[in-house]
Amino acid sequence: MPYKIIASTCTACTACEPVCPNVAIKAKNGTYVIDPKKCTECEGEDPQCVEVCPVDGCVVVDKSVPRYVM
Amino acid sequence: MSPKVIPIFEHAAAASSGCGSKGGSGKSSCGSGAGQGDLSPEIWEKVKNHPCYSEQAHHHFARMHVAVAPACNIQCNYCNRKYDCSNESRPGVVSEKLTPELAAKKVLAVASEVPQLTVVGIAGPGDALANPEKTFKTFELIQKSAPDIRLCLSTNGLMLPDHVQTIQDFNVDHVTITINMVDPEVGEHIYPWIYYNRKRWKGRDAARILAERQMEGLEMLTSRGILVKVNSVMIPGINDQHLVEVNRIVKSKGAFLHNIMPLISEAEHGTFYGLNGQRGPTPQELKTLQDDCEGEMNLMRHCRQCRADAVGLLGEDRSAEFTTEKVAEMEVNYDAQARQAYQNFVEKERADQQAALQTELAGLVSSDIKALVAVATKGSGRINEHFGHASEFQIYELSAEGAKFVGHRRVDHYCEGGYGEDEVLETVISGINDCNAVFVAKIGRCPKDDLEKAGIEPVDAYAHEYIEQSLIAWFKEYLARGTGHTERGEGRLRQGAYIAA
């Protein structure tokens, strides 16, 4: 279950893009998207995009995608 | 190339030409007569043309912010960056984000059109140093193409210690740090969290780290001779008393100017404070705190809390004229010589104003009376705005000491399309209700009568004259009347910065 960005609440502030250790976040159509294939849920530390995002509930676990396995 | 029309000459031909919300070069504001005051020649040289650092400079010179830094690394309870609409204007809000390349192009376009432009700052809409690559890339590009423009930046200070060397390398000699507290127990009520070292810190820990980093950065900058202005947001019941302590500490660490601003907290902005009914201060509360903090340190009272993409003189915002789309079509003609000529002209004009003021001050009798007055101006240090066109009034305190700029009040234009509206007039009057007189270039019969009824003397005898000299001349006459002086009630502080009509 990688993370995903709820586009309707994203302010496109860009804060998440550089903090992602997996370079999984990219700008797309005025908002940001997380590549589920690259997201590791920041295993071992707090999910960086969630930590830095200024909007509560904007970055959430994407339950439609299977959990990340090492 | 056709010669530029330089707005400072406007006063010569500024007689009323009917009402309208557009036109003119917009609003400005005027500084107090403090001028160089007790500043060292070295500091004065650095600030004299910087509108945000010198009260006197701020009605002659313009600044622009380029919104290249959208990301932030802390959350403040007075900030919500989610909305931008034409009806609102406050720090942290922009209409358009820019890349460093677009920003540099916009700076050149504005500098070509606005000879008053002396300063380009990066103030967000997030934090300049939470976006260091974009911020410094922008500085690099501007420095290459417009080397006479001064660079400055504004930061919450969290990442400041890491970037002091780069700031120095880019010759950025003005840095603003927003410091709302020095005590984490106060800070935990202002900052719900910070993002630092790959972790979100909350509560008192967050405030402690932030305060430590701010102090470290402040000391590093001042020890290198970089001028630091400290901004503080006055939040009644949270940090209002504490700001006296903040003032003492930042002064001791070498900050050169302290700017205490009122909290903006309208519920519709959706900020934590706005939604929870936290109020902002009244003008009297703000002035009392500013007076309490004013000692040896310069206190700034002319801040307009402008947007992170503002363009123009303080108090005006011409950003709508310089959207990316419009800049792309503009023919950019960067004329360093014309810009220098304008700056030389202003230098002479300022010397004249000071000389005239000094002459007028001779013969001011000593008394305990302090009168507050409002002034309608659109810049250049003159009383040159029609009452009905004013979207803000400058407030001066007159006493035996002279004329002191103590603040500004935003109001709605009273006159739209040639006739005034009574409701608007009422709010204008309530905005300057604490004043004994209002100085204007021109005023209609009806508003004149209403002002007199409200006990505010309308004065149009000094139209297009220098502000401070005129105020002192009037004050002398006021004292000589012997009709007595009454202190008036409260004025109303209208929130948010000015945006173009």
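Me: Where should I start with the sheet that holds β2, β6 and β7 of chain B, and in which order do these strands lie?
Reply: Two strands pair if DSSP finds at least two bridges between them. In this predicted model, local features need pLDDT of at least 70 and side-chain atom pairs count only at pLDDT 80 or more, while totals for chains, interfaces and linings use all residues. Residues are numbered from 1 along each chain as its sequence is written, and chains are lettered from A and ligands numbered from 1 in the order in which they are written. The sheet you ask about is open, has three strands in the order β2-β6-β7 (chain B), and pairs in the antiparallel sense. Its edge strands are β2 (74-75) and β7 (199-202) of chain B, each pairing on one side only.

Me: How many bridges link β2(B) and β6 of chain B?
Reply: Two bridges link β2(B) to β6 (residues 193-196) of chain B, and the sense is antiparallel. Look for Gln75(B), which stands opposite Trp193(B) in β6(B).

Me: Which helix lies across β2, β6 and β7 of chain B?
Reply: Contact has its own cut-off, with two residues in contact if their C-beta atoms, placed from the backbone, lie within 7 Å. The helix is α6 (residues 203-223) of chain B, and it runs at about 105 degrees to β7(B). α6(B) also lies across β5 (174-178) and β8 (227-234) of chain B, running at about 165 degrees to β5(B).

Me: What is the strand order of the open sheet of eight strands?
Reply: The order is β10-β9-β8-β5-β4-β3-β1-β11 (chain B), and the pairing is mixed. At the edges are β10 (298-300) and β11 (311-313) of chain B, each pairing on one side only. From one strand to the next, the twist averages 25 degrees. Strand β1 (residues 62-65) of chain B joins β11(B) through three bridges in the antiparallel sense, and Met64(B) stands opposite Val311(B) in β11(B).

Me: Which residues of α3(B) are buried?
Reply: A residue is buried if 20 or more other C-beta atoms lie within 10 Å of its own, exposed if 12 or fewer, and partly exposed in between, with C-beta atoms placed from the backbone. In α3(B), the buried residues are Lys134(B), Thr135(B), Phe136(B), Thr138(B), Phe139(B) and Ile142(B). Their cover includes α2 (100-113), β3 (117-122), β4 (150-155) and α4 (160-169) of chain B.

Me: What about an exposed residue: why does Ala461(B) count as exposed?
Reply: Ala461(B) counts as exposed because it has 12 C-beta neighbours inside 10 Å. You will find Ala461(B) in the loop between β18 (457-459) and α14 (467-481) of chain B.

Me: How far does α11 of chain B reach from its first C-alpha to its last?
Reply: The expected span of a helix is 1.5 Å times one less than its number of residues. Helix α11 (residues 336-361) of chain B has 26 residues and reaches 38 Å, close to the 38 Å expected at 1.5 Å a residue. Its buried residues include Arg339(B), Tyr342(B) and Val346(B), and what covers the buried residues of α11(B) includes α14 of chain B. Just after α11(B) comes Gly363(B), with a positive phi of about 95 degrees.

Me: Finally, what pattern does chain A follow along the sequence?
Reply: Chain A has two helices and four strands, in the pattern β-α-β-β-α-β. Four bridges join strand β2 (residues 25-28) of chain A to strand β3 (residues 31-34) of chain A, and the two run antiparallel. They form a hairpin with two residues between them, where Asn29(A) in the turn has a positive phi of about 50 degrees. Within this pairing, Ile25(A) has Ile34(A) in β3(A) as its bridge partner.

Technical notes
Axes are lines fitted to C-alpha atoms, for helices over the stretch in contact, and angles run from 0 to 180 degrees between N-to-C directions.
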